[in-house]
Amino acid sequence: IMMNVGNPESAFTFGQLPNDGIGLARLEFVINNAIGVHPKALLNYDILDAATKALIDPKMKGYGSPKEFYIQKITEGVATLAASVYPKRIIVRLSDFKS
């Protein structure tokens, strides 16, 4: 049985259960759990108001740019999910954000 896992933080816990891999890793769950910022806010960071930037800045601390932060966190999140069941398969569904 393949599992549905979207939270990288719990991936290794689920990976200890008998499984045949991850059959559904929804990228929007990775974004929500690992990034915690809507992608459009990061794409439009330069035009955000100061209050919104103040909420985002602590999450991006140590990264060179909003784009670098997003790419690195997606990479880390998907890699963590994959590592939790390696060498079994993982199927990642790309984001279907409407906004």
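So, Gln72: this one comes out as partly exposed, at 34% relative accessibility, where partly exposed sits between buried, under 20% relative accessible area, and exposed, over 50%, using a 1.4 Å probe and protein chains only. Gln72 is in helix α5; helices here are DSSP runs of H or I with at least four residues, strands are E runs of at least two, and both are numbered from the N terminus. From Gln72 to Leu27 you go 45 residues in sequence, and C-alpha to C-alpha it's 14 Å.

Quick caveat: this is a predicted model, so local features need pLDDT of at least 70 and side-chain atom pairs 80 or more, while totals for chains, interfaces and linings use all residues. Numbering runs from 1 along each chain as its sequence is written, and side-chain values use heavy atoms, with hydrogens and water left out.

Okay, Val92. You'll find that one in strand β3, residues 89–93, and Val92 is partly exposed too, at 29% relative accessible area. Setting aside neighbours within four places in sequence, Val92 contacts Ala25, Leu27 and Val78, contact being heavy atoms within 4.5 Å. Its C-alpha is 9.8 Å from that of Val5, 87 residues away along the chain.

Now, the core. Which residues have the most contacts inside the largest nonpolar core? They're Ile22, Ile35, Leu42, Ile56 and Leu81, out of 19 residues. By nonpolar core I mean buried Ala, Val, Leu, Ile, Met, Phe, Trp, Tyr and Cys joined through side-chain atoms within 4.5 Å. β2, α2, α3, α4 and α5 each give it two or more residues. And Ile22, beyond four places in sequence, touches residues including Met2, Val5, Leu81 and Ile90.
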